[in-house]
Amino acid sequence: MIKLSLRDQIEDALTGVDARYVEIRVEDSESRHLRYRGRELEDVGRSSALGGNVRALADAGWGFASFNDLSQLKAKVAQAVHQAKVLHGEPITLADVDPVVATAPATVGEDPTKISLAEKKNILDRYAQIMMGAEGVQSSSVTYGDANKRVTFANTEGSFIEQERIDVNMRLSAMARKNGDVQQSGVSIGSLGDFAFVRELDREAQDVADKAIALLNAEQIEGGEYTVVLDPILAGVFIHEAFGHLSEADHIYSEPRLQEIMQLGRRFGGALLNVVDGATVPREGLRGSYLYDDEGVPGQRTQLIKDGVLVGRLHSRETAGKLGERPTGNARAINYRFPPIVRMTNTYIEPGEGTVDDLVRDVKDGVYVKNWYGGMTSMEMFTFSGAESYRIRNGEIAELCRPVMLSGNVFRTLENIDGIAADLDMNQGGGCGKGGQSPLPVSNGSPHIRIQHCLLSGA
Amino acid sequence: MARATAEEILDKARRVADQAEVFFVESTSTPVHFEANRVKAADSHETMGAAVRLIKSGRVGFSSTSKMDDPDALIEAALDTAQFGPEARFAFPGPAQFPDVPVYDPSVDGTTLEGMIALGQEVVDAVRSHSDQVTVEGSVSASSGTITLLNTNGGHFRYSRSGFGLGFEGTVIRGEDMLFVFDGKNSISPMTDVSGIVASIIRQLDWAKESATLQTKSMPVVFMPTAVPSVIIGPLLSALNGKSAYQGTSPLVGRLGERIVDERFSLTDDATLPRIPSSRMSDDEGVASRRLPLVERGVARNFIYDLQTAGLAGAESTGSGERSLGSLPSPSASVLLVDEGDATLDELIAGIDEGLVVERLLGAGHGNILGGDFNANVLLGFKIEKGQITGRVKDTMVTGNAYRALSDLIAIGSEGRWLGGGLYTPAIACANVAVAAKA
């Protein structure tokens, strides 16, 4: 039997298809994870996966088939085409893009796949012992994962792209307990293909433990409206949740009333506000970075807000085709079991002027919030939770308080940003969830920012 | 190349490890998606995979794969992790008597794409005939699969399950005001009646027709069944997890047998209920399923354990080891039941002079869940004034603690409903919950 190369098999399967557009994505991946709970290693494992999918477009609907058995490629193309043809929905147009034939190797710093599990374990062990060694810490967890994958993409327009990427993620958290009261603190960090940061987290581990203990004696802030100053990490989560998701065109492309609200040229904030998303910015090698998205469209920089005015949004080929705009290379799939959907990459508020002190100086009574637990959005409303909060009194950052949740309405809250410092920093921890695809590697960031009249509730 | 069977993988693992277990899954699902009131996409997913857990020199090793033609690589990866894996505090269970828990209806496999499209369109059309201002999206999905477990101590099970689910969301946009209403239903059998989902979506649309505002203060709050998971169940389960108990982080450590909340509240985990999507005859480690009281008339009764956690804690597995293909089992509830009380929803609302009905929350999964805290934006909620719903509230947050909320009960509703395939709960009305509203 002659064994065909994957490329030959894919090209053979795409030949003579009875559909307007067909694409095939094949993914070969390996991952490793380690988890400490307290001082003990609780979980360690390795996984490998090989799978693929076919996405087919008839005139008025998508057929999608995912599978693990690659020997059935041709049959799976026929199945996806059949599914597509049964559908009689809204007609679909894909924005034109040039076919791409390319190979994109992984961005690698210190390659995590070259480091033994035993060495990884020894490093994590140190952090577990640091946190558990802090007086008052009841439990801690250290979670580490890395994954390398090779994705092969081809479509009936002649694109053939092979891309590799390596993702590294890590979380440290500590729980302190006193008289039945439990408080937690944690930090999430990640990188695109570089293990180096994992080696140097002693200070972070100590800090997480100390913070959890300190929270036991912290006061709760009373719910209400406050002037808040956010650190770059939490401001990054804020812009991701409060605005980023609304700029994903798949939310609005089939909803005319939302298109009216999100008309390009609309003012969203003061002239100081500039927001960007892009798989190639603000620097190379971030977790949301890539050369080509999962439809084979080059990653690029997209200005979303310029001087407070809406100037762009994030597209797949389908949403760009429907709205008559330019594709932006934001169609991403978390793995081969999912079709690509419009996602953010690296999303950030561009730097303004000055420092955090300048933002705090004229706040009489407010709250300074740092780090994050997470955030969610339902387009209009969003919430995001900060891990540490401090009272601001008479222009100075004062006592530590219990964690708070901030909540608001996107159309009003962005207008209420009245200060943006110059200190842009990117947050690479965690991941983004949408349409059941979670956690997708993204990054977000911002300088310190100040928001007036922000609704806040104590935890 | 040939696909390895579970037996072949176990035979290879047996030769290199002291004990071994193979977990094997095969499944298919065929969701149909609706967008902007019309059918948009039809998917089919075929999944298979195997996981090996082994014990060598007293340590646990683990690996998983979807590459079914290379069992040697799978076992080698598990051995690699076993060099320094966690110390095994259990032995794989031998042959067990499993309860009879039917969760497979073969008629799901006869579901047609055309039939699922028609059913989904029926929901869309019914909601749109009530109000053409609504944009409807959602999905109809059929699935089936087989789970097999084999271990070197003679433990073994194999069962099939089927699933059929509908979930639909309606969106209404007026200017910058957005309203999202949702309902869904899951079964092990194909569904033909969509009236319940349609009625629920229409009720939410009607209640949200007018706008209302609340003041920042503590007030009576009725948590609808859809809000109970994030406010009540999530915090309780994190505290009832055997891992939190063993680690000493659970606020319920040392309190089994004690009253922790109002005696009208009872919570049971029961994976043996027939024909419920999340039910099963065995947990994912080969320990027979059982009915497990968690909170009985306000008294904490049991923590949830898998084999390893039970070994660490000096307890017995409660048949609660659940896993995905790529991870070791961990303690998890299966089918949760909150006992119904005696007040209808109408009675609960009628008894409140000024308060809030919470239908859906946003962001409730963050913060100090283990301590019982909840803190969330009210994505969909309604004001109660003099025993009547007067309209939708926005820019509103609720903050509280599950234990305090359940200790300060007004009443538990009498009309329970299933949420997904694994939780049955009525509405729960609490007397004093902190509500923050934007002025």
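The centres of domain 1 and domain 2 of chain A, taken over C-alpha atoms, are 22 Å apart. Domain 1 of chain A covers 6–216 and domain 2 covers 224–458; such bounds come from an automatic or database domain assignment.

Ground rules, quickly. This is a predicted model, where local features need pLDDT of at least 70, side-chain atom pairs count only at pLDDT 80 or more, and totals for chains, interfaces and linings use all residues. Residues are numbered from 1 along each chain as its sequence is written, while chains are lettered from A and ligands numbered from 1 in the order in which they are written.

Back to the domains. In chain A, 37 residues of domain 1 are in contact with 30 residues of domain 2. Contact here is C-beta atoms, placed from the backbone, within 7 Å. On the domain 1 side, strand 7 of chain A gives the largest share, eight residues. Strands and helices are DSSP runs, numbered from the N terminus: E of at least two residues for strands, H or I of at least four for helices. By class, that domain 1 side splits into 16 nonpolar, 14 polar and seven charged residues. Nonpolar is Ala, Val, Leu, Ile, Met, Phe, Trp, Tyr, Cys and Pro; charged is Asp, Glu, Lys and Arg; the others, Gly among them, are polar.

Next, the two chains. 68 residues of chain A are in contact with 61 residues of chain B. Strand 2 of chain A (residues 40–58) supplies the largest share of the chain A side, 12 residues. That side has 25 nonpolar, 29 polar and 14 charged residues.

Now the pairing across chains. Strands pair if DSSP finds at least two bridges between them. Strand 3 of chain A (residues 61–67) runs parallel to strand 2 of chain B (residues 38–56), over five bridges. There, A:F64 stands opposite B:D43. Strand 2 of chain A and strand 3 of chain B are also parallel, joined by three bridges. A:R46 faces B:S63 in strand 3 of chain B.

Within chain B, strands 2 and 3 pair antiparallel over seven bridges. B:I55 stands opposite B:V60. These strands form a hairpin with two residues between them, and B:S57 in the turn has a positive phi of about 50°.

Last point: why call strand 3 of chain B (residues 59–65) largely enclosed? Because six of its seven residues are buried. Buried means 20 or more other C-beta atoms, placed from the backbone, within 10 Å of the residue's own.

Conventions: Two residues are in contact if their C-beta atoms, placed from the backbone, lie within 7 Å. A residue is buried if 20 or more other C-beta atoms lie within 10 Å of its own, exposed if 12 or fewer, and partly exposed in between; C-beta atoms are placed from the backbone.
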